[in-house]
Amino acid sequence: MNKKLGFLGFGTLFGFALSRVGASEYDLIVGMFVGEDYTLVGVIVTAIIVGTIGMQVLKKSKQRTISGEPLNISYKKLGPWSLLGAAIFGLGWGISGACPGTVLAQLGEGKLYGFFTFAGMIFGTYIYARLKEKHESL
Amino acid sequence: MITAFIQSVFVEPWPFWAGGIIIGLLVPLLYYFYNTALGVSTGYGNLVKIILPSRHLKWIKSKFSETWSWRVYFIGGIILGGFISSTLAGSPGLTAEMGRFTNTLQWPALGNGVYFFAGGILLGLGARIARGCTSGHSIHGIANLHISSILATILFVIGGITAANIIRITLLGGSWL
């Protein structure tokens with residue numbers, strides 16, 4: 001299957017699931033952080049459990065992709081500033097009530113302020129690209 | 001029977017586990033079909049390259065040689081999925097509502113816009129410095145038992161709890177709970 005079309009399809013499934021389960025709702029994301037509503041904690045924990053089992057099955061049984069390539073698991077190595085970056089990300093998560101995936105579902109749903117979060121994310125990524133120019137370790 | 005099924009899939013909100021199972025399955029499925037890690041935020045680098053004059057920047061040049069990579073299609077798919085979900089559920093379409101924030105505060109549109117734009121900047125910048133976001137670290141990384149992703153997720157959550165509670169107390173009247 002063509003990779004780009006495949007990702008369009010899997011992305012659609014992802015966005016549909018995020019939206020159906022309420023991950024694109026400001027109140028549920030902020031509600032999770034203030035201890036009011038743990039629906040999304042349930043979603044994330046279930047996803048981690050299912051993903052862990054799925055990866056174990058894939059690693060133990062096949063160790064290969066559908067086309068026979070050996071699995072190439074991506075390890076996201078942290079840089080010296082990464083934990084600070086993660087805290088900055090967390091602040092943005094709690095302020096906007098969205099993350100990089102769920103803001104896209106908000107766009108599809110027609111939430112107008114989601115466009116501002118989305119535009120901010122693009123600009124924040126641009127700031128990173130500019131900073132990275134001079135500070136290689138970022 | 002069939003109507004009830006269609007109703008529960010396309011109209012009613014899902015129980016948490018249904019969304020969790022589908023999102024979790026994406027991790028092994030994307031490896032099985034494409035040998036690729038689930039992740040969204042790196043794709044914003046593709047969007048920077050498409051939208052902003054950035055082709056001269058080293059990071060953009062080296063990491064995003066293919067401008068319209070699968071990441072852009074993945075992003076497009078998530079938007080489409082949100083659209084299909086809200087349309088089939090009969091949602092009203094465009095809305096200026098953002099939950100308790102817009103319901104409680106009644107700020108002018110520009111104020112709301114600046115607020116969410118600022119939150120977005122922190123998300124975009126923070127995700128890159130952290131090397132990933134909720135999908136790449138918290139779901140993909142932890143499902144692969146990567147220590148770096150567990151650490152990043154702990155900091156994501158600390159940041160989220162801090163910001164959400166500060167906003168709740170200072171702006172939203174502290175009335176929740």
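Which residues make a nonpolar surface patch of about 610 Å²?

1. The question can be taken up at once, with the caution that the structure is a predicted model. The nonpolar surface patch is made by A:Tyr75 and A:Leu83 from chain A, together with B:Ile147, B:Ile150, B:Leu151, B:Ile154 and B:Ile158 from chain B. Helix 9 of chain B, which covers residues 147–170, gives the most to this patch, with five residues, and B:Ile154 is one of the residues found in that helix.

2. The C-alpha atoms of chain A fill a box of roughly 45 × 40 × 30 Å, when the box is taken along the principal axes.

3. For the C-alpha atoms of chain B, the box along the principal axes is roughly 50 × 45 × 35 Å.

4. The size of an interface is often given as the accessible area lost when the parts come together. For chain B and chain A the buried area is about 10,400 Å², and carbon and sulfur atoms give 75% of that area. On the side of chain B, the residues B:Tyr34, B:Tyr44 and B:Leu123 supply 7% of the area that this chain buries against chain A, which is more than any other three residues supply.

5. Polar and charged pairs deserve a separate point. Across the interface of chain B and chain A there are 32 residue pairs in polar contact, counting pairs in which both residues have pLDDT 80 or more.

6. Side chains of opposite charge can pair when their charged atoms come close. Over all chains the count comes to four salt bridges, and between chain B and chain A the count is two. In one salt bridge, the side chains of B:Glu66 and A:Lys4 meet at 2.7 Å, taken from N to O. Because B:Glu66 lies in the loop between helix 4 (58–63) and helix 5 (70–88) of chain B, while A:Lys4 lies in helix 1 (residues 3–20) of chain A, the pair joins two chains.

How values were computed. Residues numbered from 1 in each chain as written. Chains lettered and ligands numbered in written order. Predicted model: local features only at pLDDT ≥ 70, side-chain atom pairs only at ≥ 80, totals over all residues. Heavy atoms only, no water. Buried area = accessible area lost by both parts, 1.4 Å probe. Polar contact = N/O pair within 3.5 Å; in protein donor to acceptor, adjacent residues only side chain to side chain. Patch = residues over 30% accessible without salt bridge, like charges linked within 9 Å, V, L, I, M, F, W, Y side chains within 5 Å. Areas by Shrake-Rupley, 256 points an atom, 1.4 Å probe, with all protein chains shown as cover. Helix = DSSP H or I, 4+ residues; strand = E, 2+ residues; numbered from the N terminus.
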